[in-house]
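Please open the model in your viewer and keep the selection tool at hand.

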Amino acid sequence: VDNSCMETLDLSGCSIDADCALLIAQTLKRSKTIRSLILQKVYLNSDGLVCLVDLFLASLSLKHVDLRGNELGDIAKAQAQNVCEQKGIQLLTEGRITFNRGVVHFNYKLEED
């Protein structure tokens, strides 16, 4: 996928399992511009979050991750919070979910190499 200018990826409301989370992580690790990853209410679990932690470690541009509304296990969530704190990434896992009206969302087909 050509993500050379994508700054925000919002897949809120989609169903994302561990395989999909791994594909997202592998794809976005190559991005130099991604700043925000929004995955509100995507049915992400601990296995999926573990896949995303690799992205958090590798990304040089990621600054905000919103995982509110998911069933994240305490151990995986603590690991993600620790990594994000070390990397200076704002991680939201709890709190009220708000939807931005008037925001244009684009669908990108994620492909493996």
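A residue is called buried when its relative accessible area is under 20%, exposed when that area is over 50%, and partly exposed in between, using a 1.4 Å probe and protein chains only. Select Cys84 to apply this: Cys84 counts as buried because its relative accessibility is 1%.

Before continuing, note that this is a predicted model, in which local features need pLDDT of at least 70 and side-chain atom pairs count only at pLDDT 80 or more, while totals for chains, interfaces and linings use all residues. Residues are numbered from 1 along each chain as its sequence is written, and side-chain values use heavy atoms, with hydrogens and water left out.

**The cysteines**

How many disulfides does the count come to? A disulfide is a pair of cysteine sulfur atoms within 2.5 Å, and by this rule the count is zero. Select Cys20, which is in no disulfide; the nearest cysteine sulfur belongs to Cys14 and is 8.0 Å away. Cys20 has a relative accessible area of 25%, so it is partly exposed.

**Helix α1**

Helices (H or I, at least four residues) and strands (E, at least two) are DSSP runs, numbered from the N terminus. Next, select Thr27, which is placed in helix α1. Is Thr27 buried or exposed? Thr27 counts as buried because its relative accessibility is 1%.

A polar contact is a pair of N or O atoms within 3.5 Å; within protein, one must be able to donate a hydrogen and the other to accept it, and residues adjacent in sequence count only if both atoms are side-chain atoms. A polar atom of the Thr27 side chain lies 2.9 Å from the backbone oxygen of Leu23.

Move to Ser31, in the loop between α1 (18–28) and β2 (36–38). Ser31 has 5% relative accessibility and therefore counts as buried. Which backbone nitrogen lies 3.0 Å from a polar atom of the side chain of Ser31? That nitrogen belongs to Ile34. The backbone nitrogen of Thr33 lies 3.2 Å from a polar atom of the Ser31 side chain.

**The sheet**

Strands of a sheet pair through backbone hydrogen bonds, either parallel or antiparallel. Two strands pair if DSSP finds at least two bridges between them. Now display the open sheet of four strands, whose order is β1-β2-β3-β4 with parallel pairing. Its edge strands, β1 (8–10) and β4 (90–92), each pair on one side only.

Finally, select β3 (residues 64–66), which pairs with β4 in the parallel sense over three bridges. Within this pair, His64 has Gln90 in β4 as its bridge partner.
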